[in-house]
Amino acid sequence: MKHKRITSRKTIQEVRSQICEVCGNRTTIEPHHINTRGSGGGDIRENLIQLCTQCHINTHSGQYPTKEDCLKIVAEREGITYDEAYAINRRAMGYDV
Ligand SMILES: [Zn+2]
Ligand SMILES: [Zn+2]
């Protein structure tokens, strides 16, 4: 049975901000899925971070901010631990953590 990715335009809109959550830049902010949509990453708060174009390019090429850096920032924003954010994402992707 194939797990269905969680989709929510509403959540994507809710977490949108005008500031890069990594470097504080305020130009061209784009929502980024920490666990990519292609890998089943959900449209949940714990998987969404707002990045400027440069940070967005960097994370997609494996440079700072790495996936772990992004997850750490999002966990802090949501007031949970890194491990909790990790587990929430894994469950949303259909894994038993
Ligand atoms: Zn940035
Ligand atoms: Zn992205």
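Donors are N, O and S atoms within 2.8 Å of the metal (3.2 Å for Na, K and Ca), and since water is not among the atoms, sites may look incomplete. With that in hand, let's work through some exercises.

This is a predicted model, in which local features need pLDDT of at least 70 and side-chain atom pairs count only at pLDDT 80 or more, while totals for chains, interfaces and linings use all residues. Residues are numbered from 1 along each chain as its sequence is written, chains are lettered from A and ligands numbered from 1 in the order in which they are written, and side-chain values use heavy atoms, with hydrogens and water left out.

**Exercise 1. The overall fold**

Task: Describe the layout of the protein chain, from its elements to its contacts.

Solution: 
- Step 1: Start with the elements. The protein chain has 4 helices and 2 strands; helices (H or I, at least four residues) and strands (E, at least two) are DSSP runs, numbered from the N terminus.
- Step 2: Along the sequence the pattern reads α-β-β-α-α-α.
- Step 3: Check the dimensions. The C-alpha atoms fill a box of roughly 40 × 25 × 25 Å along the principal axes. A compact globule of 97 residues would have a radius of gyration near 13 Å, and the 13 Å of the protein chain agrees with this. That radius is taken over C-alpha atoms, and the globule rule is 2.2 Å times the number of residues to the power 0.38.
- Step 4: Look at burial. Of the 97 residues, 38% count as buried, where buried means under 20% relative accessible area, exposed over 50%, and partly exposed in between (1.4 Å probe, protein chains only).
- Step 5: Look at contacts, meaning heavy atoms within 4.5 Å. Among contacts with a separation of 6 or more, 59% come from residues 24 or more positions apart.

**Exercise 2. The zinc ion (ligand 1)**

Task: Which residues coordinate the zinc ion (ligand 1), and what is the geometry of its site?

Solution: 
- Step 1: Find the donors. C20, C23, C52 and C55 each coordinate the zinc ion (ligand 1) through SG, at 2.3 to 2.4 Å.
- Step 2: Inspect the angles. The 4 donor atoms make angles of 104 to 117 degrees, and the site is tetrahedral.
- Step 3: Read the spacing. The donor residues follow C-x2-C-x28-C-x2-C in sequence.
- Step 4: C20, in the loop between α1 (9-14) and β1 (29-33), and C52, in strand β2, link distant parts of the chain, 32 residues apart. Both C20 and C52 are buried.

**Exercise 3. The zinc ion (ligand 2)**

Task: Which protein donors does the zinc ion (ligand 2) have?

Solution: 
- Step 1: List the atoms. H32 (ND1), H56 (NE2) and H60 (NE2) lie 2.0 to 2.1 Å from the zinc ion (ligand 2).
- Step 2: Read the spacing. Along the chain it is H-x23-H-x3-H.
- Step 3: H32 in strand β1 and H56 in helix α2 (residues 53-60) link distant parts of the chain, 24 residues apart.
- Step 4: Check burial. H32 counts as buried because its relative accessibility is 6%, and H56 is buried with a relative accessible area of 14%.

Conventions: Four donors count as tetrahedral if all angles lie between 85 and 135 degrees; four count as square planar and six as octahedral if opposite donors are over 155 degrees apart and all others between 65 and 115; anything else is irregular.
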